[in-house]
Amino acid sequence: MTAAISCTGITKGFPGVLALDDVSITVRPGTVHALLGENGAGKSTLIRVLTGAERPDAGTVHIGGTQLRQHTPAAARRLGVRVLPQERHIAADLSVGHNVLLDAVPRTVLGTVSARQVQRRAQEHLDALGLDLDAHARAGDLTAAQQQLVELARTTARPAAVVVLDEPTASLAGDEVAVLFRVVRQLRDRGSALLYISHHLHEVFELADRATVLRNGRLVHETEVADTDHDSLLRHVFDRDVAHTRLPRRVLPTDAPVVLAATSVTLPGSTRPVDVDVRAGEVIALSGPSGAGASDLAEVLAGVRVASQGRVLLDGAPLGARPAAARAGIGFVPSDRKRNALLLERAITENLLVGPAAKDVWHRPFASRRTAWEALRAGRVKADDPGRPVRTLSGGNQQRVVFARWLLADCRVLVLDQPTAGVDVGAKFDIYAQLLELAADGVAVVVVSSDYEEICALADRVLVLRGGDVVADVAGDRATPDGLFALESMPLETR
Amino acid sequence: MSLTTTDRVETGEQGGRRTGPPPYRLQFSTTAALRTVLPLVIALIAVSLYTDSQNPAFLSSGNLQNVLSQVAVLGILVAGQTFLLIGGQIDLSVGSLVSLVAVVSAKLFAAGYSDVVVVAVALGMGVGVGLVWGLVVAFLDVPPFILTLGGLSVFASLALVLADNTPVPVADGLDSWGFGEWFGIRAPVVLLLGTLVVAGVLLHLTRFGRTTFALGSSRATTYLAGVPVRRHIVALFTLNSTLAAFGGLLMMARLASGDPRSGAGLELAVIAAAVLGGAALSGGRGTMVGSALGVLVLGTVTSALTFLQVPGAYQSLVTGAILILAVVVTAVAETRAASSRGLRRGPAARAAVRALLPSASRRGKPTD
């Protein structure tokens, strides 16, 4: 039997990182193949190569026996590859029916689109999948989970040889997960090959026939699910030898004052209030899968988002909106560096001296340049000329420019969302060291991260979030990658 | 290829052990601005020399002042619009506001009010209009294009209604602005140059100006970095409308009447001049020097056509063609620059594009 999709010897590098190193994988028709690995292990890159979104540096991709020559999503689609992406892509103002048949609109003889036919066919398809959705409803009015099911229906609207599901349960609740699993089994029984990426081992054991584990861009384990168990897979996901390296730090004085305190803050998707105290010199990590509320909590602490309930106090005074919070000394490093943290087309100097970091009403080009140069030295940014555009720097150096901005602004609290995303391994540890130095100087650091090793290396305290609730508060020296993984991946019902 | 850059810097660090910043080099955005400005200067010189060879009166100091006073109002409006464009905003109502302010001021003079009162009322109108635009754009997220397009119609109509369709004559109000000479230079020229210099300093040498660039480059980044973005937008619109009101006063003074049609179409000339000078409608780019040169090119070409006795009907054809040529040439140059950059840092550039457009590259065309 030919493989539905296979790749051999895939290697793919990005500046400073080898994302995939000689990876080969084969998925047979009528099976569910799970792809496991930590964040940054290379799962997403592999998926992007398999679906044509990325051209590999070396190696070949075969879909249904045909080699993928043009590495474009359109070429992969023609060969029958469908992807259910992690983020939502819904045309909010169209009906559910139109969204389901967005890429397969039925035409009349004249070539026009018959709205009635769209609704009828879409409804048939939704019913066949067993989804309780009305094709006439406006897609934007649905909940995030329902929208995801609409996308699932779109993915399967036309017969697909290969369906890729990228962490499909991240934003689904219990019942909807059951619906998803039913659809997955239905697809498998009809002969589609499914590639299932998940964080949750129990899902793998429930659904998958085969499992592949990636670590640091290399395929480290491949097995029939029937031949393995939970612990064995977990051991392959985490390499214990390097996993648990906690960086040395100054002991936090017991009388360190609370700088930033959130009381009874309610996060989206939850009704339970959350309390967080951040002390000077403390590194708190917020851990949790995407959509669990870790980023939301960080944004509340930084004044970016106002909590619907509860309040945030900085030194006992209520925290204002973002500009006021920044002036009061709360630095914020957003996760989407290129879009939200940098002025990509402007010079490094301009990227440093924006907001409270620009203290002088006048802009003196020479003085600014000297200030910027000194800030780059202090922030250990490797850049010889602060007049260069910031986009020419590597990811790690760009991130350090953002840090340097907040150092110039004399911040006392630094809130970071995924600070090392897209940063190569060496630079990561430099950034950790820098954050710990800041903490030693009395800056309170709040880090949102989905990288367990990062959390274990950095944190004095770890808060684990699920669905907008804090489900665990772990002391930093007791946190381990697999422990955190277990806390995050336990089914919601057993909480 | 960004790896090589890092390597080079690292070795420099180990070997050099510098104690101070490296020697001053022009910032890349300054050199980019020079690339826009230089062709304008060349065009300016070429047009002037050619016209002068046909009609030697062209390059006289008298005609230079003529050209400058003719574009004085335009230039003052461009100074304000440059801030807005760099900040990623736009105001189409400036031309009509000029007409309205001119009419209102003329009426006030006719009613016997003093210079001080008239100037205060006119500038007050500008501040008021700017506050309204700014507050609505900043707090209700109304697209400024549509909002000020409405304002364009409203003000134009108000001016016609107030003036009863005919210019309101002015006896001697603000006479010195229109026809006086200060320091041996005609008053409108002094006002124009003064405005441009102050605006240039504000844009390029203050935190306010730098924040405007940041806002136009990325509103999200600027906000998260702690800039009160909404307040800044209100300030930009207020500054612009106040300058437009100032332009209205000067227009009235120069024409010695409140003509309700005097500002018609100015808004487009303003944007043309700013874009010609390198300002980007998408925000984050532009210089005051460039905008001033844009104004000068438009003024010089108009004057040259008169000197060359080209029929008036051809004037907007020529200025329009210059604008089209300028933006197309700039776009071609930038595409070339980007692709040659892409060749050197292919993977990094493509990765950046992909990071910005994860959905597009992941899903392919949703319609095929």
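How many aromatic pairs does the structure hold over all chains? There are five, and this tour of a predicted model will visit two of them.

Start with a sheet. Select the strands of chain A in the order β16-β17-β18-β13-β19-β20: these six form an open sheet with mixed pairing. At the edges you will find β16 (330–333) and β20 (469–475) of chain A; each has a single partner strand, so one side of each has no neighbour in the sheet. On average, neighbouring strands here are turned by 15 degrees against each other, direction ignored.

Now pick out β13 (residues 283–287) and β18 (residues 444–449) of chain A, which run parallel and are joined by five bridges. For one of these, click A:Val283, whose bridge partner in β18(A) is A:Val445. Next, show helix α15 (residues 395–408) of chain A, which packs on the sheet and touches β16 and β17 (413–417) of chain A.

A:Phe429 is partly exposed, whereas A:Tyr432 is buried.

Move to chain B and select B:Phe58 and B:Phe307, another edge-to-face pair, with 85 degrees between the planes. These residues are 249 apart in the chain. B:Phe58 is buried, while B:Phe307 is partly exposed.

Finish at helix α12 (residues 229–255) of chain B, whose end C-alpha atoms are 39 Å apart. Of its 27 residues, 20 are buried, so α12(B) is largely enclosed by the rest of the structure.

Methods: Residues are numbered from 1 along each chain as its sequence is written. Chains are lettered from A and ligands numbered from 1 in the order in which they are written. This is a predicted model: local features need pLDDT of at least 70, side-chain atom pairs count only at pLDDT 80 or more; totals for chains, interfaces and linings use all residues. Side-chain values use heavy atoms; hydrogens and water are left out. Two strands pair if DSSP finds at least two bridges between them. Helices (H or I, at least four residues) and strands (E, at least two) are DSSP runs, numbered from the N terminus. Axes are lines fitted to C-alpha atoms, for helices over the stretch in contact, and angles run from 0 to 180 degrees between N-to-C directions. Contact means heavy atoms within 4.5 Å. The expected span of a helix is 1.5 Å times one less than its number of residues. Buried means under 20% relative accessible area, exposed over 50%, partly exposed in between (1.4 Å probe, protein chains only). Rings of Phe, Tyr and Trp (its six-membered ring) pair if their centres lie within 6.5 Å; planes under 30 degrees apart count as stacked, over 60 as edge-to-face and the rest as tilted.
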